[in-house]
Amino acid sequence: VDLHALDARISVCRACPRLVSWREEAAVAKRKSFADQPYWGRPVPGFGDEAPEILVVGLAPAANGSNRTSRMFTGDRAGDWLYAALCRAGFAAIPTSTHVGDGQRLQRARIMSAVRCAPPGNKPTTAERDACAPWMAAELAEVLPTVRVIVALGGYGWDAVLRSLRDAGVRIPRPKPRFGHGARTAVELSGGRCISVLGCFHPSQQNTFTGRLTEKMLDELFADARALCAP
Ligand code: SF4
């Protein structure tokens with residue numbers, strides 16, 4: 001399976017009835033400020049370099065963000081923070097990501113989410129999370145040969161990354177490493193190559209508005225990720 005074929009398969013998935021309804025209803029109702037825009041209204045595939053060194057893993061698309069634009073973290077405030085930080089760190093071509101065709105391009109980096117459809121209240125159920133896990137596993141398997149660092153956004157992203165690696169047969173340290181901003185664990189892949197998993201507070205408005213996550217914190221984290229990527 002190559003990434004394009006995988007994207008095509010993901011984009012037509014209808015395995016979770018509640019999320020199918022939510023994503024499609026959001027695409028019909030539309031937020032007032034986007035009333036003149038078409039909505040994607042489908043599962044959102046990963047975005048970025050097909051042979052990334054850094055992989056960023058988020059929770060799920062936002063109903064009026066990537067569920068509208070079809071590109072991860074594109075068209076919402078969390079994405080504004082994330083792409084600006086990726087650009088400052090040299091991983092993104094431009095500091096914004098507003099729509100497909102805006103010139104954004106990730107270099108050595110890729111973004112994907114644990115759950116591919118926008119969930120109500122940004123909270124997928126456990127069953128929905130588990131239903132979507134094979135898509136994350138399939139994409140991870142495609143890109144892992146080049147990945148050196150995985151940046152897990154929020155506790156949800158952290159758990160999803162460790163679970164997906166464990167399901168792929170990677171030994172996860174015990175007790176399970178705890179999530180925190182700057183948390184770091186190293187795991188050994190088959191063949192003996194080690195990769196790092198870094199925890200990062202999610203750039204949600206809840207965190208950025210309150211100052212729990214600052215630009216400086218993001219910059220320091222991506223500087224760490226860059227250093228870990230260095231040969
Ligand atoms: Fe399919 Fe994942 Fe969307 Fe569920 S959340 S419908 S498994 S793409």
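**What surrounds the ligand, and how the sheet is built**

The ligand is surrounded by C13, A15, C16, L19, R23, P43, V115, R116, C117, A131, C132 and W135, where a residue counts as near if one of its heavy atoms lies within 4 Å of the molecule. This is a predicted model, so to speak of local features takes a pLDDT of at least 70 and side-chain atom pairs count only at pLDDT 80 or more, while totals for chains, interfaces and linings use all residues. Residues are numbered from 1 along each chain as its sequence is written, and side-chain values use heavy atoms, with hydrogens and water left out.

What kinds of residues make up the shell around the ligand? They split into 10 nonpolar, no polar and 2 charged. Here Ala, Val, Leu, Ile, Met, Phe, Trp, Tyr, Cys and Pro count as nonpolar, Asp, Glu, Lys and Arg as charged, and the others, Gly among them, as polar. Helices α2 (17–29) and α5 (126–143) each hand over at least two residues of this shell, and α5 gives the most, with 3 residues. Helices (H or I, at least four residues) and strands (E, at least two) are DSSP runs, numbered from the N terminus. The space that the ligand takes up is the largest cavity; a cavity is a set of points, on a 1 Å grid over the protein atoms alone, where a 1.4 Å probe fits but cannot get out.

Now for the sheet. It is an open one, with 6 strands in the order β1-β3-β2-β4-β6-β5 and mixed pairing; two strands pair if DSSP finds at least two bridges between them. β1 (47–48) and β5 (184–188) sit at the edges with a single partner strand each, so one side of each has no neighbour in the sheet. Strands β2 (residues 54–58) and β3 (residues 109–113) run parallel and are joined by 5 bridges, with I54 standing opposite A109 in β3. Helix α4 (residues 77–88) packs on the sheet and touches β1, β2, β3 and β4 (149–153), contact meaning heavy atoms within 4.5 Å. The direction of α4 makes about 160° with that of β3; axes are lines fitted to C-alpha atoms, for helices over the stretch in contact, and angles run from 0 to 180 degrees between N-to-C directions.

A few spots in the backbone deserve a mention too. R174 and P175 are joined by a cis peptide bond, with omega about -5°, and P175 lies in the loop between α6 (154–167) and β5. S70, although not a glycine, has a positive phi of about 80°.

How values were computed: 1 Å grid on protein atoms, 1.4 Å probe; cavity = no way out; pocket = protein on both sides within 12 Å on 5 of 7 lines; lining within 4 Å. Sits in = over half its atoms within 2 Å of the grid points.
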